[in-house]
Amino acid sequence: MSSRNLWHLWRVRAGTALLAVLAGIGAFADPGPAVADSPPEGRRTVTFHGYRIAVPADWQVVDLAENPRACLRFDRPTVYVGEPADRNDCPARVVGRTAGIVVEPLTARSAGRASAATARTARGRATAPAAASSNDTIQIAVEDAGVLVTAAHAPGTEALVRDVLASAELTAGAERTELPRAAQRSDAAPLAAAGPQPGSYLGKGFDACTAPSQAAMDAWQTSSPYSAVGVYISGSFRGCAQPNLTASWVTAQTANGWRLIPIDVGRQAPCTSYSLKMSADPATARSQGVTAAAGAITAASNLGIPAGSAIYSDIEAYTSTASCKAAVLSYLSGWTERLHSSGYLSGFYSSAASGIRDAAGEYDNSAYTRVDHLFYAWWNGAADTDTGTYVPASQWSDHQRIHQYVGEVTESYGGYSINIDRDYLDVGTGTTPPTPTCTGANLDFTAYTTVQSGSTGGLVKAAQCLLKAAGHDPGTPDGVFGPDTTTAARNFQTGTGLTADGAVGPRTWTALLSRGSTPTIQSGSTGEAVTRLQRALTAALGRTVAIDGVFGSGTAQAVRDYQSSRGLGADGIVGPATWDALQSGK
């Protein structure tokens, strides 16, 4: 729609709204985008359901009512308004992200995508300045306009996206719709997948840019040759929105027999032209891999994808050099170590001719931590897991391979067409990496005081052991806080998003002590997860919580106190949001 037509549409709708108010018949709810009469210079305003924002004039605006099959993609700056349809015309591969905003009606369906990170605006307001970014996405429920706003950004465009969100205002057409109570619970336990993913499976699968609708999945299950589906669950460089991907979607597909291939699209090789790249410095790249894995673990946990699952880091093709290879393999080392620390398997997707060949070339190099599974693109049309000359047959030979053998084809089953990449899987659960434990070091203290360079004693030894388990080696835990321990602490802090001062204080203790799997636990629970929780609460609250592995009344009260002080729903149940806060050192 041209700017002139949009202007005319706004004038007509504005006049209708005014007449409606004067006639006493209520506000007129504007169902589509409109350009206002006086936007800021270089901006234009877009209005939907009485929610109005000012976006850069060169952004595209897509009305989903007029373009119901539009692909919600974020590799070009776009505002989408309306309810995403069950079907879309997304290409199989959209890599890269600039910025994008989806404004959709607040319904039972859209509320299913709300999470613990979803902010809600106050009465009479259209902005939520304190809204957090989770996995490079900011989500706000604007109840006074009845819309859910999802804003995607890259690291370099977050400020721009926040500026757009800060421009939001309510118009006369706004009508209140409350976010359903179930979606507001800050610590709701997600539904669970039917076991680790993709688990043990031999056969065909496919991957698509956006998770297909339930109807499409049901139709393909009946008619297609596929029983596995790749889904992009996390990463700062995902190109497509995921309007269907929720914990209930994951539960439904796995209950129906589908195997999931969880994929993260994050930083790319430094020798490419992509806008989001890992550092060419191996140490920094390794830390970036740790950070990426932490985000992927949170996303998997929120979706109900359990420990024991493999998560695949998508690093697109690159022209290899020695320095580029070192950066990629260092990034994957950090990625693998962080996944292992929470009991997940690590996977690596890339071109067989670049990333995969580089990983194979350093298969036995102890300087790098080897990934568990390969997912390689070699579009030779052969539905098998042969790797030709790219990878020796002896490597990753124990049900550890996925072959993407055809790319970007459109197939239709049961009336549902999807553009896909074809995959062939030979995967097994393997040996789930155990959560590393610290042997020979006491971790139970009545207080976790700050230790730093020059400190000695049992607390230092505990910190060293926990840092080592987190993939940041301070050397042999000896109870002496020397330069290597300082470096390990700084690396851990950087990967966790804490101030990298090299000292182990309350926030670093909290993050270290809570590391591991994140099951939902509550009054009556027992075991290792409860013990970790009690240690972490002792550090976070600055008071002694009995460390006995039994979730009793004292632990429940400490959980409620912690949740209340961190702005979480104080229900005494430790689910994804509480674990995420603890493991972030909050």
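Mentor: Let us begin with helix axes: these are lines fitted to C-alpha atoms over the stretch in contact, and angles run from 0 to 180 degrees between N-to-C directions. Please bear in mind throughout that this is a predicted model. The axes of helix α13 (residues 528–541) and helix α14 (residues 553–565) come within 10 Å and cross at roughly 50 degrees.

Trainee: Why is α13 called oblique to α14?

Mentor: Angles under 35 degrees count as roughly parallel, over 145 as roughly antiparallel, and 65 to 115 as roughly perpendicular, with the rest oblique. The angle here is roughly 50 degrees, and therefore α13 is oblique to α14. The crossing is also left-handed.

Trainee: Which residues of α13 and α14 make the contact?

Mentor: From α13 the residues are L533, Q534, L537, A540 and L541, and from α14 they are T555, A558, V559, D561 and Y562.

Trainee: How do you know that T510 is buried?

Mentor: Buried means under 20% relative accessible area. T510 has a relative accessible area of 1%, so T510 is buried. This residue lies in helix α12 (residues 506–514).

Trainee: What does T510 touch, leaving out residues up to four places away in sequence?

Mentor: T510 touches A536, A539, A540, L582, G585 and K586. Its side chain also reaches the backbone nitrogen of A540 at 3.4 Å.

Trainee: What makes the link between the side chains of T127 and R125 a polar contact?

Mentor: A polar contact is a pair of N or O atoms within 3.5 Å, where one must be able to donate a hydrogen and the other to accept it. The side chains of T127 and R125 are joined by such a contact at 3.4 Å. T127 lies in the loop between β6 (119–120) and β7 (137–142).

Trainee: Is T127 buried or exposed?

Mentor: The relative accessible area of T127 is 14%, and the limit is under 20%, so T127 is buried. Not counting residues up to four places away in sequence, T127 touches T121, L165, A166 and A168.

Trainee: Why is A119 called buried?

Mentor: A119 has 14% relative accessibility and the cut-off is under 20%, so A119 counts as buried. A119 is found in strand β6. With residues up to four places away in sequence set aside, A119 touches A128, A131, Q139, I140 and A141. The C-alpha atoms of A119 and A130, which are 11 residues apart along the chain, are separated by 8.0 Å.

Trainee: Why are H399 and E408 called partly exposed?

Mentor: Buried is under 20% and exposed is over 50%, with partly exposed in between. H399 has a relative accessible area of 39% and is therefore partly exposed. At 44% relative accessibility, E408 therefore also counts as partly exposed. H399 is found in the loop between β15 and β16 (400–413), whereas E408 is placed in strand β16.

Trainee: What is the phi value of H399, and what is that of E408?

Mentor: Phi of H399 is near 55 degrees, a positive value in a residue other than glycine. Phi of E408 is likewise near 55 degrees and positive, again in a residue other than glycine.

Trainee: Where is the cis peptide bond that involves P198?

Mentor: The cis bond runs from Q197 to P198, with omega near -5 degrees. P198 is in the loop between α4 (181–184) and β10 (201–207).

Trainee: What makes a set of residues a nonpolar core?

Mentor: The members are buried residues of nonpolar types such as Leu, Phe and Trp, joined through side-chain atoms within 4.5 Å. The largest such core has 55 residues, and those with the most contacts inside it are F206, W220, I233, W249 and F348. Among the elements that each supply at least two residues of this core are α5 (214–223), β11 (228–234), α7 (282–303) and β17 (416–427). A second, separate core of 41 residues includes F445, L467, L498 and L513.

Trainee: What are the contacts of F348, leaving aside neighbours within four places in sequence?

Mentor: F348 is in contact with residues including Y312, I315, V328, L332, I356, H373 and F375.

Methods. Residues are numbered from 1 along each chain as its sequence is written. This is a predicted model: local features need pLDDT of at least 70, side-chain atom pairs count only at pLDDT 80 or more; totals for chains, interfaces and linings use all residues. Side-chain values use heavy atoms; hydrogens and water are left out. Buried means under 20% relative accessible area, exposed over 50%, partly exposed in between (1.4 Å probe, protein chains only). Helices (H or I, at least four residues) and strands (E, at least two) are DSSP runs, numbered from the N terminus. Contact means heavy atoms within 4.5 Å. A crossing is left-handed if the near helix is turned anticlockwise from the far one by less than a right angle, and right-handed if clockwise.
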